[in-house]
Amino acid sequence: MGTNVSTPVLLRRIAQLEAAVGRLSEDLGSLRSVVSRHALQPSKAGGARPRAARSQLPTGTPSQSATSGGLAGATARGEAARVQWVKDGLVVPGEQLAQAWGLTRQALAPAADRGEVFAVKIGNRLYYPQAFLALDREVVAAVCRALGDLGASEKLMFWLREHGALGGKGVAAALDAGVAMSKVERLATAWARERGAARVAAAA
């Protein structure tokens with residue numbers, strides 16, 4: 001970052017990042033409490049639910065106030081949360097998803113460019129939501145496109161959260177239970193609009 005950036009601008013950017021980390025920590029906290037109360041059942045198709053859905057969500061995510069540590073602290077807390085996603089099995093490497101879909105790992109990159117999938121970068125590797133493993137590519141693509149240009153972490157929260165509009169289920173579980181695809185797409189569009197508006201407000 002250039003040294004010619006004014007202090008107010010720097011402070012505003014720090015506040016934006018800390019607000020984003022705060023929202024992420026809040027999301028993960030709510031997901032932990034929901035999943036700890038409700039163990040998901042095997043799917044009707046006979047496939048096992050992703051282990052991430054059955055396990056407790058990250059226990060090592062930051063609980064400290066987002067106001068401590070400034071930019072470096074917020075960055076460190078965000079990275080720690082991402083590492084915990086891997087440990088808890090919420091995300092899987094590209095090789096695993098490609099194998100589940102009968103693709104080569106290289107085929108995932110063009111799909112991501114088209115907005116049909118997304119990945120979160122953790123360390124030097126790209127990881128994809130484990131929920132993708134239980135769904136058809138076309139279904140995942142439709143939901144991901146509805147999420148628009150949100151950041152990967154915000155998209156991941158949509159896939160992990162149990163939504164009241166989906167009967168208290170996560171996206172994959174709701175679709176497996178017969179919830180209409182159009183309903184999930186509308187919810188994804190609304191989620192993207194809400195989160196996008198929050199980003200604009202934080203930047204104002």
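This is a predicted model: local features need pLDDT of at least 70, side-chain atom pairs count only at pLDDT 80 or more; totals for chains, interfaces and linings use all residues.

Author: Six residues of helix H6 are buried: Val140, Ala141, Ala142, Val143, Cys144 and Ala146. H6 covers residues 137-146, and glycine 148, just after the helix, takes a positive phi of about 65 degrees.

Arginine 145 is absent from that buried set; its relative accessible area is 47%, which makes it partly exposed. This side chain forms a salt bridge with glutamate 116, and the closest N and O atoms are 3.8 Å apart, inside the limit of 4 Å that defines such a bridge. Glutamate 116 sits in the loop between H5 and strand E2 (120-122) while arginine 145 belongs to helix H6, so the pair ties together parts that are 29 residues apart in sequence.

Arginine 114 has a relative accessibility of 47% and is partly exposed. Glutamate 116, in contrast, comes out at 18%; the cut-off for buried is under 20%, so glutamate 116 counts as buried.

Lysine 155 lies in helix H7, residues 152-160. Its contacts, apart from neighbours within four places in sequence, are Phe118, Cys144, Leu147, Gly148 and Leu150. One of these, Cys144, is among the buried residues of H6, and another, Gly148, is the glycine with positive phi just after that helix. Lysine 155 is buried and yet forms no salt bridge. The nearest side chain of opposite charge is that of aspartate 149, 7.3 Å away, whereas a salt bridge has to fall within 4 Å.

H6 also covers another helix. The buried residues of H4 are covered by elements that include helix H6, strand E1 (91-93), helix H5 (108-113) and strand E3 (125-129). H4 itself spans residues 94-101, and its buried residues are Gly94, Leu97, Ala98 and Trp101. Viewed down the axis of H4, they fall within an arc of 100 degrees, so they line one face of the helix. Glycine 102 follows H4 and has a positive phi, near 70 degrees.

H4 is also joined to strand E3 by charge. Glutamate 95 and arginine 125 form a salt bridge in which the closest N and O atoms are 3.2 Å apart. Since glutamate 95 is in helix H4 and arginine 125 in strand E3, the pair ties together parts that are 30 residues apart in sequence. Both ends are partly exposed: glutamate 95 has a relative accessible area of 40%, and arginine 125 one of 39%. The count of salt bridges comes to four.

E1 and E3 run antiparallel and are joined by three bridges, with valine 92 opposite tyrosine 128 of E3. E2 and E3 are likewise antiparallel, over three bridges, and valine 120 has tyrosine 127 in E3 as its bridge partner. E2 and E3 make a hairpin with two residues between them, and glycine 123 in the turn has a positive phi of about 65 degrees.

To place this part in the whole: the protein has nine helices and three strands, in the order α-α-α-β-α-α-β-β-α-α-α-α from the N terminus. Of its 204 residues, 39% are buried. Among contacts between residues at least 6 apart in sequence, 69% join residues at least 24 apart. The accessible surface comes to about 10700 Å², with 54% of it belonging to carbon and sulfur atoms.

Definitions and conventions. Residues are numbered from 1 along each chain as its sequence is written. Side-chain values use heavy atoms; hydrogens and water are left out. Buried means under 20% relative accessible area, exposed over 50%, partly exposed in between (1.4 Å probe, protein chains only). Helices (H or I, at least four residues) and strands (E, at least two) are DSSP runs, numbered from the N terminus. The arc is that of the directions from the helix axis to the C-beta atoms. Contact means heavy atoms within 4.5 Å. Two strands pair if DSSP finds at least two bridges between them. Accessible areas come from the Shrake-Rupley method with a 1.4 Å probe; for residues, only the protein chains shown count as cover. Lys and Arg count as positive and Asp and Glu as negative; His and the chain ends are not counted.
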